[in-house]
Every structure is written in C-alpha cells, then in structure tokens.
Amino acid sequence: MGPSSKNSFLLVLSWLLILLGAPALWAADAVPDVPTFHNNPRVAVVGEQDVRLDDLKNPQIQDMMQRLHSMQSILLKQRAIELLQDEHPEILEIRAPRINREDIFRMYQEEMGLEDMEGVNSAAVQNMIRNYVEKLRRDAYLKELEERYQFAVDKGWVTDYFKAPNDFKLVAGIGTAMLWFKPDSQDPRKVFLMEYSDYLCPFCKKVQTTLNLLRQRYGDRVQFGYRHFPLHKEAFAIAEAVECARDQGRFWEYQMRVYNDPQAFKNPETHFKTARDIGVANMSDFKTCLQEGRFRDRVQKDFRQGIEIGIQGTPTFIIGTYNFAESTIHGEMFSGAVSSEQFVQTIEKYIELSKD
C-alpha cells in the first residue's frame, strides 16, 4: 500500500471511529475534554418513564448528600493545596486570624451572660470554652483553606468541576401554623419562613433573636410562621398553653415569654402568672383550656405533619415560595443552628425566584 493509499485508509478509518464514538487518529496528541457528569442522571426506565436521581430524594437523603459534598469539597481543596504548594509557595502565605484571649472572653460573656471571668474554673464552663475554642480553630482553618483554594482558582491553577447536589424542593403545608403577619389575600407575601420548634430546645431559644431581626428586615416580603414540634413531655404541655393563649389573641406574647426562660414553664403556676401578665382577658377560660387539653390535637397534628415531611429535630426551618391559594410552601429545609448568613442567602434566593 503506497503512502497516498495509506493516508486515505487512515482518513476513512478515522471517520468510522468518529461515527462509532472513538477519537480521531490525528487527535491522539490532543488533551481530551474532562467529562461532565449530569447532576440528575437517569437511574432507571419504568415503562416509558424515566426515573432520575432527584426522584429518589427526600429531606434526609438530601441532607446526607450535602454533608457528603461538604466533606469531599474539603478533601478536594486540601489535595489541591498539597499539589500546588511546591510550585506556588505563595499559596501558603494566606493565613486566617489566630484565636486570642479576647475571643474566649467574648464567648464567655455571650454564652454565659456574665461580665467577668468568675466561675471560669467550673468543669461545665471549661468544657464549653474548650468546645468553643475547637470550633474557632476549625472555622479558622476552613476559612484559610477556602481562601487559598479560591486564590488558586483565580490564578488559573485550578479548574473546579465539582458541583453540589441539586436542590431538593419539598412541598409543606401551612396547616394551623401561627402567622406573624396578618394574611393578606389581596397582596400576599411571596416567600415564607416556617419554624418548627421545641420550647425546651436551647438552639430554638437562641435563634429567636435572629428571627426577630429577619422579620424587621423582610417584613414587607416574607411571611413567618410557627408550628410546634415538642420532643419533650414538658414541651408538649408548654405548646398547649401557648395555643390556649393564642385562643385569646396572645400567641406571640406568650411564646416570647416562654423563650425568655423556658425552664420556668415546667412549673404549671408559671403558665397562669404569664397569662395574667401578658393580658389574657379570660383567665377562667385559659385554665379550663389547659385542663381540658383543648388544643392537644392541634399540637399533635403539628408534630405528626412535621414527621411526615422529614423533620427529625429542632429547630427546623422551611424556606421557600409561598402559594397563598394552596396554603403551601415550595422550598427547602434547614435544621439546627442555622446562621443568619444562611437565612439571608436563602431568603434572597427565593425572593428572586418569586419574581418569575
């Protein structure tokens, strides 16, 4: 076979390989594209219907996928820095602020509510401070890692293909939730933040300050609601008392008093004193309401419907677009100590989505 015939043969073979999905022979020296994998691949075909990965999600699976992605993301950044540090030592010059005594003292003041270090030698306080310092160190390390990695990306040393799992959108009913703002059927707010809480949960107590600030900031655009998710017997009784106060138009006043000092409400007498203090008009009816368990079914329904949508602990928040006509929220779930930054970021996202 002569040179020209050989070249013709290779050309035809190359075209055949292209049709079959193989790379052309003359492209052997080219750098292949990095394959891009779909975030929502097809996992089965049932009849003529595709079943995709997102169809197999629920709030618990989504939470696990996000946790896994976060851990893998940290490993990716660590590996990238490890591979780059010899050739680009300047990447190691980025350092996060160090922890100092003022950080610890500020924590003691904020968490313990004290103005001096008296009592710092108690075992409970030392353990709290130790945990706080460990958290500060981890947060500082992760911030440093993120800044180094972003520096490498900005320099073009890293091309990042690692994608987070798709958002999981759930549909949650408003039910008998207590709403912060009076419902307006003419011009309803487009975004909803629903809280499921337990009155004896310390994180539920702590997040109330953040929620109050969010109500002030987004009062014209976001509706806020509260549903009960009591994980303790005493918390269930407190939730019933709050509903009895709600029956006389004093839900939020009573709820706020409870979160000011939750442990005090384990004592039944505190309920009656609080009801009087906040202006419950018919004290006889309030007492009867508690004794009869008038709103026990409502509290149980809140808890049961929370379980049905995947709530496992408190506090849990559902943030999403608000369908006033159907009395539902279409959005996503967050649980635990949600930061104010995460609240704002998620609310802003749904405000934008609600404009479409």
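This is a predicted model: local features need pLDDT of at least 70, side-chain atom pairs count only at pLDDT 80 or more; totals for chains, interfaces and linings use all residues.

Reader: What is isoleucine 238 in contact with, leaving aside neighbours within four places in sequence?

Author: Tyr199, Leu200, Val258, Pro262, Phe265 and His271. Another core, of 18 residues, lies apart from the largest one. Its members include Leu193, Val222, Phe334 and Val344.

Reader: Switching to rings. How many aromatic pairs in the whole structure?

Author: A search finds 16. One of them joins tyrosine 226 and tryptophan 252, edge-to-face. The centres are 6.4 Å apart, with 85 degrees between the planes.

Reader: Which parts does that pair tie together?

Author: Tyrosine 226 is in strand 6 (residues 222-228) and tryptophan 252 is in helix 7, so the pair ties together parts 26 residues apart in sequence.

Reader: Is tyrosine 226 buried or exposed? And tryptophan 252, buried or exposed?

Author: Tyrosine 226 has a relative accessible area of 2%, so it is buried. Tryptophan 252 comes in at 11%. The cut-off for buried is under 20%, so tryptophan 252 counts as buried too.

Reader: Which residues do ring pairs link into a cluster?

Author: Trp180, Tyr199, Tyr226, Phe251, Trp252 and Tyr259. Tyr199 and Phe251 also came up in the largest core, among the residues that touch the most other members.

Reader: Where does the charged end of arginine 215 sit?

Author: Over the ring of tryptophan 180, 4.1 Å from its centre. The charged end of arginine 215 also sits over the ring of tryptophan 252, at 5.2 Å from the centre.

Reader: New topic. Where is glutamine 248?

Author: In the loop between helix 6 (233-246) and helix 7 (251-260).

Reader: What does its side chain reach?

Author: The side chain of glutamine 248 reaches the backbone nitrogen of alanine 281, at 3.3 Å.

Reader: And which residues is glutamine 248 in contact with, beyond its neighbours within four places in sequence?

Author: Val280, Ala281, Asn282, Asp285 and Phe286. Phe286 is one of the residues named for the largest core.

Technical notes: Residues are numbered from 1 along each chain as its sequence is written. Side-chain values use heavy atoms; hydrogens and water are left out. Helices (H or I, at least four residues) and strands (E, at least two) are DSSP runs, numbered from the N terminus. A polar contact is a pair of N or O atoms within 3.5 Å; within protein, one must be able to donate a hydrogen and the other to accept it, and residues adjacent in sequence count only if both atoms are side-chain atoms. Contact means heavy atoms within 4.5 Å. A nonpolar core is a set of buried Ala, Val, Leu, Ile, Met, Phe, Trp, Tyr and Cys residues joined through side-chain atoms within 4.5 Å. Buried means under 20% relative accessible area, exposed over 50%, partly exposed in between (1.4 Å probe, protein chains only). Rings of Phe, Tyr and Trp (its six-membered ring) pair if their centres lie within 6.5 Å; planes under 30 degrees apart count as stacked, over 60 as edge-to-face and the rest as tilted. A charge sits over a ring if NZ of Lys or CZ of Arg is within 6 Å of the ring centre and within 35 degrees of the ring normal.
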